[in-house]
Amino acid sequence: VKNDGVGSRFTLAQCLRSTEDVDAFFTHLRKKNVTITKEPVKVFWGGCGYFADPDGHLWEIAHNPFLEMDEAGNVLGMKMG
């Protein structure tokens, strides 16, 4: 996300289970006319995109295939081996 000096100085993040989940989440955001500040992109570690909430806080919605998650979607740590 471009650092234009506007908004908060931190980013909140939510990890999802797949890049398809990230894409579906952004489809939902677009339908709700949410301000998307960076469209989701695939990168070597998975993929992510950003949106701004009504208060201007940035949210990163990401998928990282190297993270281990429980059934509720909580990140437990890095996958080993």
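Before I start, a word on terms: buried means under 20% relative accessible area, exposed means over 50%, and partly exposed is in between, with a 1.4 Å probe and protein chains only. Strands are DSSP runs of E with at least two residues, numbered from the N terminus, and two strands pair if DSSP finds at least two bridges between them.

What we have here is a predicted model, in which local features need pLDDT of at least 70 and side-chain atom pairs count only at pLDDT 80 or more, while totals for chains, interfaces and linings use all residues. Residues are numbered from 1 along each chain as its sequence is written, and side-chain values use heavy atoms, with hydrogens and water left out.

Let me begin with strand β3, residues 46-52, where 7 of the 7 residues are buried, so this strand is largely enclosed by the rest of the structure. Gly46, Cys48, Tyr50 and Ala52 point one way, Gly47, Gly49 and Phe51 point the other way, and all of them are buried.

On one pairing, β3 runs antiparallel to β2, residues 35-43, through 6 bridges; Lys38 stands opposite Tyr50, and the two strands make a hairpin with 2 residues between them.

β3 is also joined by 6 bridges to β4, residues 58-63, again antiparallel, with Ala52 opposite Leu58. This hairpin has 5 residues between its strands, and Gly56 in the turn has a positive phi of about 90 degrees.

Turning to β4, 5 of its 6 residues are buried, so β4 too is largely enclosed by the rest of the structure. Its pairing with β1, residues 11-16, is parallel and has 6 bridges, with Gln14 as the bridge partner of Ile61.

Terms used: Helices (H or I, at least four residues) and strands (E, at least two) are DSSP runs, numbered from the N terminus.
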